[in-house]
Amino acid sequence: MHRYIRGAIAVLGVISVFVFPVWVGIVCIIVLALRYRAWEAILIGALIDLTWLPSAGIIHPLPLFTILSIIIVWGLEPLRAQFLLK
Amino acid sequence: MNTGFSYRERNAGTGRRRLLLVTIFVIVLFLVDMVTGGSIRAIVRDANARISLAARAIGMTIASNGYFTSHAALASQNVALQARVATLEEQIVLSASLQQQVTTLSEMAHLATTEQGITVPVASSFIASPYGTFLVGAGIDEGVSLDSLVLSGNGTAIGTISYVSAHTATVTEVFAPGVVINALLDGAPVSVHGAGGGNATTQVPHGVSIAPGDVVTAPSLGGHTIGIVGHVDTDPSSAAMQVYIGSPVNSASLQYVFVVSPRT
């Protein structure tokens, strides 16, 4: 059941990158990262940047959503380890 | 005895390793993309543009073949009449849709007489981008080049080409978040700060005559209109008036845009 929920949220996150406002993707990233060790959350963040970043500079513009998703997923690791996964 | 515990620990370790691998993979992906000048994002954007254009074509086909309206008609008592009415309504909708496209393309054709460039289809959603960008279904192979000006059918500047691949290009909107553009507001030079969603703000000193409806133009964008004043906050306690500007173009209704070729 959990696998289906996780998959459904991930699919919604991927679709939202192309169709829905960005907050839908962010909600998916946060929900996935809160409950699971979700590598999908990082891919959603990367997909947002790869699809919408204005240009392909080395430093500017920064891929903010990739960085944000990595921070969220790894930043929530202690919380997940403490309360959810064990 | 401790099977459950050891299983969870092993599973947790696997999950963490997988997460680490994906993190490294994404970082490498971005490095490769940056070093190769955006080859990865070109693939993603081409796929996005193709899917968006295909989805639009499918939507128009569904609208024109009357599949859904036929179902509605079956539910009614007067099947034949309702189906006929539905068919006629579809034709009206389709006709209106085609009329809208013809009008847009006519405007583009008129624009093409004054500006040199090409008309290209919009190939993505306007609301999905957090960076104030959208995709068009034409790229280097079709003659689109970097920094080209993008106009709506009535000649309003809506953005510039910020990234271009073989068959798609990324347009950064004039009022994208963080974009600052030098403009003229009632003859007064101002710096307009983009806020995204077709909105922007600027500040002008008290005493300058500004009213809602005033046109904002950008000399750096060929003198084209970029926005219209929506509201002026004339708080006497602040040093300057806060002016809120909106784009006159309804982005959601845009199907085609005109990409101006750089003058050689």
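User: Which residue stands opposite B:A200 in strand 11 of chain B?

Analyst: That's B:I245. Strands here are DSSP E runs of at least two residues, and helices are H or I runs of at least four, both numbered from the N terminus. This is a predicted model, where local features need pLDDT of at least 70 and side-chain atom pairs count only at pLDDT 80 or more, while totals for chains, interfaces and linings use all residues. Residues are numbered from 1 along each chain as its sequence is written, and chains are lettered from A and ligands numbered from 1 in the order in which they are written.

User: How many bridges pair strand 8 with strand 11 in chain B?

Analyst: Seven, in the antiparallel sense, with strand 11 covering residues 240-246. Pairing means that DSSP finds at least two bridges between two strands. Strand 8 (residues 199-205) is also joined to strand 7 (residues 188-196) by three bridges, again antiparallel.

User: What does the turn between strands 7 and 8 of chain B look like?

Analyst: It's a hairpin with two residues between the strands, and B:G197 takes a positive phi near 65 degrees. B:G196 stands opposite B:N199 there.

User: Switching topic: what's the strand order in the open sheet of chain B?

Analyst: 1-12-3-4-5-2, six strands with antiparallel pairing. Strand 1 (117-121) and strand 2 are the edges with a single partner strand each, so one side of each has no neighbour in the sheet. On average, neighbouring strands are turned by 35 degrees against each other, direction ignored; the axes are lines fitted to C-alpha atoms (for helices, over the stretch in contact), with angles from 0 to 180 degrees between N-to-C directions.

User: Is strand 5 of chain B mostly covered or mostly open?

Analyst: Mostly covered: five of its five residues, 169-173, are buried. Buried means 20 or more other C-beta atoms within 10 Å of a residue's own, exposed means 12 or fewer, and partly exposed is in between, with C-beta atoms placed from the backbone. B:A169, B:V171 and B:E173 point one way, B:T170 and B:T172 the other.

User: Which strands does strand 5 pair with?

Analyst: Strand 2 (residues 133-136) joins it through four antiparallel bridges, with B:T133 partnered by B:T172. Strand 4 (residues 157-164) pairs with strand 5 over five bridges, also antiparallel, and B:G159 has B:E173 as its bridge partner. Strands 4 and 5 make a hairpin with four residues between them.

User: What does B:V136 touch?

Analyst: Leaving out residues up to four places away in sequence, its contacts are B:V120, B:P121, B:V122, B:A123, B:T168, B:A169, B:V171 and B:V257. Contact means C-beta atoms, placed from the backbone, within 7 Å.

User: And how many residues of chain B are in contact with chain A?

Analyst: 31, against 28 residues of chain A. Helix 1 (3-35), helix 2 (39-65), strand 4 and strand 5 of chain B each supply at least two residues to that side. Helix 1 gives the most, with 13 residues.

User: What ipTM and pTM does the complex get?

Analyst: The predictor gives an ipTM of 0.85 and a pTM of 0.77.

Conventions:
Contact = placed C-beta atoms within 7 Å.
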